[in-house]
Amino acid sequence: MKARANRDHLELVGLVREGRLAAFAERAARLPAVDLADVLVALAPAERQTVMEQLPRHIAAAALVELPGRAAPQQLLATLDRHLASELLGTLQDDEAAVLVSGLDPLQRGELLRLREDVGPVSGLLRHAEGTAGRMMTARVVVVTDSDTAQLATESVRRQATRVPALTEIFVTDTHRRLVGMLPIAALLLAEGGAQVRDLMQDVAVRVGPEEPQRVAAQVIARYDLSAVAVVDTRGTLLGRITADDVRHVALDEAAGGLLRFGGISTLEQHDSRWTAAVRSRLPSLYLNLLTAFGAAAVVYLFEGTLARIIALAIWMPVVAGVGGNAGTQALAASIRRLAWRGDPTGRVRADVLREGLLGLVHGVAIGAVIGTLAVLLGESWKFGFVVLAALVANLISASVVGALLPVVLHRFGRDPSHASPVIVTAVTDAIAFALLLGLASLFLR
């Protein structure tokens, strides 16, 4: 299937370069927007402009929204005739149009928006900061008032539904447009004509504010399995909605960004970035790793005399440190996942840390017994085996606790928990491992 899709894309690119734009447009109309965007990415900027001018407006607009950042969709929009660009924006949802025009300079943005008939909703979204729920929402919602009868509500819903692409929920407000409930579509269809909407509606489980981060809206929709979440201001006035489709890319971007940060890579690095950009992205993390490695080495230097007397310790140091580093990274990943799911860890920190500490104890005893026994079987004394066992148990406990606490501390100080890189955890656990192993050896292996 993938090979066939690639072949089709190459054929479409060939049609453009042969000047057979009518044949291209006919085939492009049958493609999903995301696949058409892949074709556009393969074209030169001038070719993309030509294609956008030839495609039907709704198809061109849908593909424009799906273009990745490296294809510069805002720049492409700016090169089009202003009337054509305005028509493309007019076929999009408010939030999609806002994303595109936000990347234009103020003069271009103002000119394009003035050509739209419904400039208000998009301009309203642009007043909210980038990355907030207010920037992502759409003001196109289906609303009835709590004082309506079922008959009046049904007629109102029919009129409003023509301008809302997907009718998945009906919001209920009072006469001041304050959100008071949700009206299930099935309840409206089955109700008697004279029934009151306030008797049919349900409470709104959750809502978000316009200035909250988009990831909060994504977490709410995922946690409560919603098709959409209402956006309200501090007075409870309904401003718009955010749908599950709207936050799909936010969830993917958050997951990808968290994975990159977890590996010490900047989120600005694209998968097809030049190697020089990758160097700028990754080198700072490697310098940090170098700095923290010196810290662990300093601990070893403090116990230089012990290490000189008992050379065998040099063999077991990387074992104890390596296992501790893995345990700390596991606890770190689990802690970040808990924060992503709960949002606010208040009241659960102690239980989470105790849980990770207990896991470190159990894992330390299980693995330490094996390694300590192996050391004795290889000719070391039982005291040496005990030191390795005790160091490994203590290191896994401390590593698990550090891994569990670090994301929480970052969260408390308003930082992204995913910045808790394994580089930091590994450095801390290495230093603790060396201090424990060499310290215990100094006490028991004189």
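**Helices, sheet and confidence**

A: Let's begin with a helix contact. A33, V34, L36, A37 and L40 in helix 3 touch I59, A62, A63 and E66 in helix 5.

Q: At what angle do helix 3 and helix 5 cross?
A: Roughly 75 degrees. Helix 3 covers residues 33–41, and its axis comes within 8 Å of the axis of helix 5. The two helices are therefore roughly perpendicular to each other.

Q: And how far apart are the axes of helix 5 and helix 7?
A: They are 8 Å apart. Helix 5 spans residues 57–66, helix 7 spans residues 82–90, and they pack at about 80 degrees. That angle makes helix 5 roughly perpendicular to helix 7.

Q: Which residues meet there?
A: From helix 5, R57, A60, A61 and L64. From helix 7, L84, E87 and L88.

Q: Before we go on, is this model predicted or experimental?
A: This is a predicted model. The protein chain has a mean pLDDT of 81. In that chain, 83% of the residues reach 70 or more.

Q: Which element has the lowest mean pLDDT, and which the highest?
A: Helix 16, residues 244–262, has the lowest, at 61. Strand 2 has the highest, at 96.

Q: What should I do with low values?
A: Where pLDDT is low, the predicted coordinates should not be read in detail.

Q: Switching topic. In what order do the strands form the sheet?
A: The order is 1-2-3. Three strands make an open sheet with mixed pairing.

Q: Which strands stand at the edges?
A: Strand 1 (143–145) and strand 3 (179–183). Each has a single partner strand, so one side of each is left without a neighbour in the sheet.

Q: How much are neighbouring strands turned against each other?
A: On average by 35 degrees, ignoring direction.

Q: Do strand 1 and strand 2 run parallel or antiparallel?
A: Parallel. Three bridges join strand 1 to strand 2, which holds residues 170–173.

Q: What is the bridge partner of V143?
A: F171, in strand 2.

Q: Which helix lies across strand 1 and strand 2?
A: Helix 12, residues 150–161. This helix runs at about 160 degrees to strand 1.

Q: Last topic, rings. How many aromatic pairs are there?
A: The count comes to zero, taking ring centres within 6.5 Å as a pair.

Q: What sits over the ring of Y224?
A: The charged end of R223. It is 6.0 Å from the centre of that ring.

Conventions. Residues numbered from 1 in each chain as written. Predicted model: local features only at pLDDT ≥ 70, side-chain atom pairs only at ≥ 80, totals over all residues. Heavy atoms only, no water. Pairing = 2+ DSSP bridges. Helix = DSSP H or I, 4+ residues; strand = E, 2+ residues; numbered from the N terminus. Axes fitted to C-alpha atoms, helices over the stretch in contact; angles between N-to-C directions. Contact = heavy atoms within 4.5 Å. pLDDT = per-residue confidence, 0-100. Phe/Tyr/Trp six-rings, centres within 6.5 Å; stacked < 30°, edge-to-face > 60°. Lys NZ or Arg CZ within 6 Å of the ring centre and 35° of its normal. Parallel < 35°, antiparallel > 145°, perpendicular 65-115°, else oblique.
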